[in-house]
Amino acid sequence: MSKTIIVSNRLPVKISKTENEYNLSTSEGGLATGLGSIYKQGNNKWIGWPGIEIDNENDQNEITVQLAELSLVPVFLEQEEINQYYEGFSNDVLWPVFHYYVSTYSVYKESNWEYYQAVNLKFRDAILAIAEPGDVIWIHDYQLLLLPALIRKELPDISIGFFQHIPFPSNELFRLIPWRKELLEGMLGADLIGFHTFDDVRHFLGAVTRVLPVNASANILTVDERLVVVESFPMGIDEKKYASLPLQKATLEQKALISETFKNSRLILSIDRLDYSKGILQRLQAFEQLLQQHPEYCEKIALYMIVVPSRDSVPQYAHLRDEIDKKVGNINAMYRKMDWTPIHYYYRSFPIETLSALYSSADVCLVTPLRDGMNLVSKEYVASRVNEDGVLILSEMAGASKELIDAVIVNPNDSTEMCNAIIQALNMPLDEQKRRMRQMRQLVAKFNITHWVKVFMDKLKEVKQMQRSMQTRHVSMATEQSIINRYVKTKKRIIFLDYDGTLVGFKSNLAQASPDEDLFSIIEKLSDDPANELVLISGRKHENLDEWFGDKNIYLIAEHGSWFKPQNKSWHKITGLSNTWKHDIYPILDTYVDRTPGTFIEEKTYTLVWHYRNAQKGLGELRANELMNNLKYHATDKGLQLLPGDKVLEVKNMEINKGKAASMLLEKADYDFVIAFGDDYTDEDIFKTLPDTAITIKVGSNVSAAKFYLRNPAEVRNLLTRFTEAAVLEVKG
């Protein structure tokens, strides 16, 4: 039976030592809850660090046996590994850069990087010890970015998913990391890479395509002929648990105590882990501004602020804790009355029943991180509001803000906006509270943690199926031999060949893509065979094709089917076409040349082409989309077709079509072998037009109507050479 192996930095248990005994208790938390449905089934496993250093071998063996009963597999780390891999590289490089705190907190130390690599190798070895063919491996978060590629190298066909729980920064920030290339290559070992939001997906794709020689088509990357899909999967919570907790006896008792304590005040709740990304000081500043500028709210509101301890042995976290202590102390000292304290501040964690009582009691929940992957506190508050009242104030920098659009959304750096948002929340009519909360509760209920797990795992299966279908379509040795066998047995053949990207690779300068001696040799040998009708069908100008191939024994079709030249005859063009539309379209293209350095216009008889192969990566694509939208109205009005290609956008007469040109030639004879090669959007017309018996081959592994694909022009030339060699052998035989 195949199994699922979950891998994360930490195991979903807490281990504590009392005298000579280790005690295990399961963790409460989104990931542990959500993945509990997976790792506790069948022979599935969860691999991770137990959370404390255990250096005694006997103790390690004892812990391993205890964890095995819970389907958990430990990776033991020494103190120096914890210091450098976890505290050093993960939390002093990746965490600050990914949360946009580059200059303030990021530290680039070579030794940290070396330990990060070493620990990722440790995790790889733990996986390889239990992984078998057919297993699914799901890796989590920024501490293990190298792991997918390390496993892929050892188990090339295994199914690997990766999910990042923190934000992914913009390309400009990510490129500041000295080891950016290695980190991206590590992540690309996965088949499916998941993030919380589309912004993170966009940032990741931007980083990959700029740092690595990897092609992207929408959200699909081609990595060593393997498709990698990048998607957003907003994480949910165990909504049923949070909706049921407020009705339990322990919660109701605590809720009564809270109600009694704050009977004269409206309660504003704030819950965070101690971290500079959470915007705690900015929140306190906004609350202080509210008390200062609106004294009428004094003695009528109270901020209940919980900060859960985290890394406070690290200097910058200790400094942050001290700053929070100082700020809370100052506000309370300034505004406290005999029977009223503005801020109730707790620097500790609370049991879930207490949190539930606070969630269901608070009139307002203030969730304003400066940058956050998702932020599940916001969803926990919504799920706990069983009466459908209360107001959520949510930072636009939290991933949850893309889903919980009925919250009051704020910029966490704008204290005035936050101050006004609190006032808006406190004065919001009950029917509006209910309308907003009802919408958010429905969303949190639907997109819960179970849904998140299911959608990710379903997508991973779909990606593996897509990869396998691409593998079966690639012209392998067996497929190639089968095509050659058909070739030699037939007597009347037609071979359609595109030029740029099919017979020759793309060049930044159009004029440099001229044919070489090797290509001339292949074409001559193919065209010398009396059984072959060789057709070169290209978007190139007819003057180009005439210069290169005018004296060859091949049928030339130029400008996508505008111009024709049968063997040993002169060129002729399609009659009845007008190119007067160019007067209107050319100036539009010209403005985009002016706005986009590195672009130029190529003019053909019935076509205008805007080239952006030399434009800055990303800018060319952006302008091409903008230009497409700009030209849509003109194209419809003038009977034109817009063709987006590889770094080009073509505008041509609707009547001109490679498919029509190919059909016209097919009607002239009864061919028993039809084959077509092409790499571009324009070649899809040929693939769709040819009969089912035809062999259609796309160059490059993109989605296509073609039956097969070859990776590059070198593979095309190789197959054509095999044709000529097989024909010679057949004649000799």
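Is Glu288 buried, partly exposed or exposed, and at what relative accessibility? Glu288 counts as partly exposed, at 21% relative accessibility; buried means under 20% relative accessible area, exposed over 50%, and partly exposed in between (1.4 Å probe, protein chains only). The close-ups below come from a predicted model, in which local features need pLDDT of at least 70 and side-chain atom pairs count only at pLDDT 80 or more, while totals for chains, interfaces and linings use all residues. Residues are numbered from 1 along each chain as its sequence is written, and side-chain values use heavy atoms, with hydrogens and water left out.

**View 1. Glu288 and Lys327 form a salt bridge.** The closest N and O atoms of this pair are 2.8 Å apart; a salt bridge here is a side-chain nitrogen of Lys or Arg within 4 Å of a carboxyl oxygen of Asp or Glu. Glu288 sits in helix α12 and Lys327 in helix α13 (residues 315-335), so the contact ties together parts that are 39 residues apart in sequence. Helices (H or I, at least four residues) and strands (E, at least two) are DSSP runs, numbered from the N terminus. Lys327 is partly exposed, at 24% relative accessibility.

**View 2. Asp372 and Lys278 meet in a salt bridge.** Here the N to O distance is 3.0 Å. The partners belong to distant parts of the chain, 94 residues apart: Asp372 is in the loop between β15 and α15, and Lys278 in the loop between β12 (266-273) and α12 (280-293). Asp372 is buried, with a relative accessible area of 11%, and Lys278 is buried at 10%. The structure holds 44 salt bridges.

**View 3. Asn375 has a positive phi.** This residue, which is not a glycine, has a phi near 80°. Asn375 lies in the loop between β15 (364-367) and α15 (377-384), and is buried at 9% relative accessibility.

**View 4. Strand β10 pairs with β9 and with β11.** Two strands pair if DSSP finds at least two bridges between them. Strand β9 (residues 215-217) runs antiparallel to β10 over 3 bridges, and 4 bridges join β10 to the antiparallel strand β11 (residues 226-232). Look for Leu221 in β10: Leu221 is the bridge partner of Ala216 and also stands opposite Val228 in β11. Strand β10 (residues 220-223) has a covered face with Leu221 and Val223, and an uncovered face with Ile220 and Thr222. The hairpin of β9 and β10 has 2 residues between the strands, and Ala218 takes a positive phi near 55°. The hairpin of β10 and β11 also has 2 residues between its strands, with Asp224 in the turn at a positive phi of about 50°.

**View 5. An open sheet of 8 strands has mixed pairing.** Follow the strands in the order β22-β21-β20-β19-β18-β27-β28-β29. The edge strands, β22 (572-573) and β29 (708-710), each pair on one side only. Within the sheet, β20 (residues 555-558) and β21 (residues 563-565) are antiparallel, with 3 bridges. Leu556 stands opposite Lys565 in β21.

**View 6. Tyr100 has a positive phi in a loop.** Its phi is near 70°, and the loop runs between α3 (79-98) and α4 (102-105). Tyr100 is partly exposed, at 26% relative accessibility.
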